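My notes follow the order of the look-ups.

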Amino acid sequence: MTISTQSSTLFRRACRSLVGGVNSPVRAFRAVGGTPIFLSKARGARCWDADGKSYIDYLGSWGPMILGHGYPPVLRAARRAMVRGTSFGAPCEGEVKLAELVKQAFPSMERVRFVSSGTEAGMSAIRLARGTTGRPLILKFSGGYHGHADGMLVSAGSGALSLGRPSSAGVPLKIARLTLVAPYNDVGAVERLFQKHGKRIAAVIVEPVAGNMGVVVPRPDFLPALRRITKREGAILIFDEVITGFRLSKGGAQGIFGITPDLTCLGKIIGGGFPVGAFGGPARIMNQLAPLGPVYQAGTLSGNPVAMAAGIATLQALFGTDPYRKLQDLALSLIEGVYEAAHRRGVDVVVNGLGSMFTVFFTKDPVEDLAGAARCDTRAYGRFFHGLLKRGVYFPPSQFEAAFVSIAHTPRDVAVTLAAVDGALSDL
Ligand SMILES: *Cc1c(COP(=O)(O)O)cnc(C)c1O
C-alpha cells in the first residue's frame, strides 16, 4: 500500500542516520500511523513536500509561524542581521530592543532573559522559582508540556495526593518526586496538594490555555484560583506562554484573562521561526539570576542577533497590524465548518479552540483535561489526519497537539480545508 515517494525514500535513508528518522519524536507520525512527509519549502499558508505536493499548513512549525512562512519583513530583518554577524557572544542592541517589545506587551515581565528554546525557558524559570523561595517542590498539571527537562517529564503517581513518577526513562525517581501533578482545571486537587505539601511548593507551572493535550481551555475559575492560592501560600505562579504568548493576543493569555503571573515563559513566536525562548517577571525575582544573583543560567547562543532580528520584525508586524480579530474569525469559521461537516456525516466531534489555536477531538464529551483527551478516539483522528493530508491539508500529526491559523490563511483556504474535512470525515 505504501507508494514510493521522495518522502518515503528520504525517511528510509533518515532512519539509518537519525534516531527513528527524526529529530523530534512527534514528527515520526507514530500517533497517526504511516510515513512522515519531508518538507522542502514553505511560503505563506502553504508548505510543499519533497515530491512537490503542496498543503495548506495548520502545523505552523508547532506555533511560531503566526505571520505565515517567509513573511518578507522577517526575512529581510534576518538577512540584514546575518550579514552583520551570525553570532557575537557579546551583548547586541537587538536583545535590548526585543526585550523592550516583550515588556511593552507583557507588563508583568519587568526583566527578561533570552534563551534558545522553550525548554530552557521553563527549566530556568523553575530553577529561579526554587532559588527565590528556597523551596524544593513544583506543581504541574497532567498533559501540560513545559519542555523536556527532567523535572517536567513527570506524570501523576497512583494516589491523588502522591508525588509524581517519571514519564520518561532516564529521569531519576528522586527528581520526579519533586514534581506534584494535578489534573488540569481541578482547583480542588491543587488545594489538597497545598494542604499536604504547603510550604514546600516553590511554584505552580501551567499553560494558561493548554495546547499540548490538544487545546484545552481553562474553566473560568481555574486561573484566578491558581493566582489566589499561590499568593496565599507564597509560591510562584509561572505561566508557560510558549504557545499562547503573542498567539492569543498581544499580551498572551494573561492579557485576555486579566491574571498576572509571577513569571512568564515565552518561545515559538518570539523567535519568528528561529530558536528563541525567554522568561521574565518582576525585577525582585529576576534579579536573583546571575550575574546579579545566586541562580545560575547562561547560553552561548542566547540573544543571538539573527534570532533577535527575526523576533523584533515579527512582534513589530503583530503590533502594527493587530491581526487577532481576523485570526479568530478565520479559526471560528473553520471550527463551525468542522461541526457542520461532522453533523452531516454523523460523526461525533468536539472542537476546542481559542483565538487561532484549535483541536478536533473525536468524542461526544467535553474535553477539559488530559483524561478527557485520552478518552477520545485517537485512531479516528489518525484516519482523519491522513484523509486531510491526502487532500492537501496538513494538520498536526497527533490529536494531542494544537492546529494553528496564521495571518496568511485566507477565507479561500478555509473553504478548501472544509471541503477536505468533509471528504476526510466521509471516509472515516
Ligand atoms: C513547545 C513548548 C515548550 C518547549 O519549547 P521548545 O522550544 O520546543 O523547547 C514549552 N512549553 C510549551 C507550552 C510549549 O508548547
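I counted a residue as near a molecule or strand if one of its heavy atoms lies within 4 Å of it. The model is predicted, so I kept to its limits: local features need pLDDT of at least 70, side-chain atom pairs count only at pLDDT 80 or more, and totals for chains, interfaces and linings use all residues. Residues are numbered from 1 along each chain as its sequence is written, and side-chain values use heavy atoms, with hydrogens and water left out.

**Ligand**

I found the ligand surrounded by S117, G118, T119, Y145, H146, G147, E207, N212, D240, V242, I243 and K268. By class, this shell holds three nonpolar, six polar and three charged residues (nonpolar: Ala, Val, Leu, Ile, Met, Phe, Trp, Tyr, Cys and Pro; charged: Asp, Glu, Lys and Arg; polar: the others, Gly among them).

I then looked up N or O pairs within 3.5 Å. An oxygen atom of the ligand lies 2.9 Å from a backbone N or O atom of G118. A polar side-chain atom of T119 is 2.7 Å from a ligand oxygen atom. Y145 places a polar backbone atom 3.2 Å from a ligand nitrogen atom. The protein buries 83% of the 380 Å² that the ligand exposes when taken alone (Shrake-Rupley method, 1.4 Å probe).

**Strand 12**

I took strands as DSSP runs (E, at least two residues), numbered from the N terminus. Strand 12 (residues 277–281) is largely enclosed by the rest of the structure, because five of its five residues are buried (under 20% relative accessible area, 1.4 Å probe, protein chains only). G277, F279 and G281 point one way, A278 and G280 the other.

I noted pairing where DSSP finds at least two bridges between two strands. Strand 4 (residues 111–115) runs antiparallel to strand 12, joined by five bridges; R111 has G281 as its bridge partner. Strand 11 (residues 263–266) is also antiparallel to strand 12, with three bridges, and T264 stands opposite G280.

Technical notes
Polar contact = N/O pair within 3.5 Å; in protein donor to acceptor, adjacent residues only side chain to side chain. Buried < 20%, exposed > 50% of the residue type's maximum accessible area, 1.4 Å probe, protein only. Helix = DSSP H or I, 4+ residues; strand = E, 2+ residues; numbered from the N terminus.
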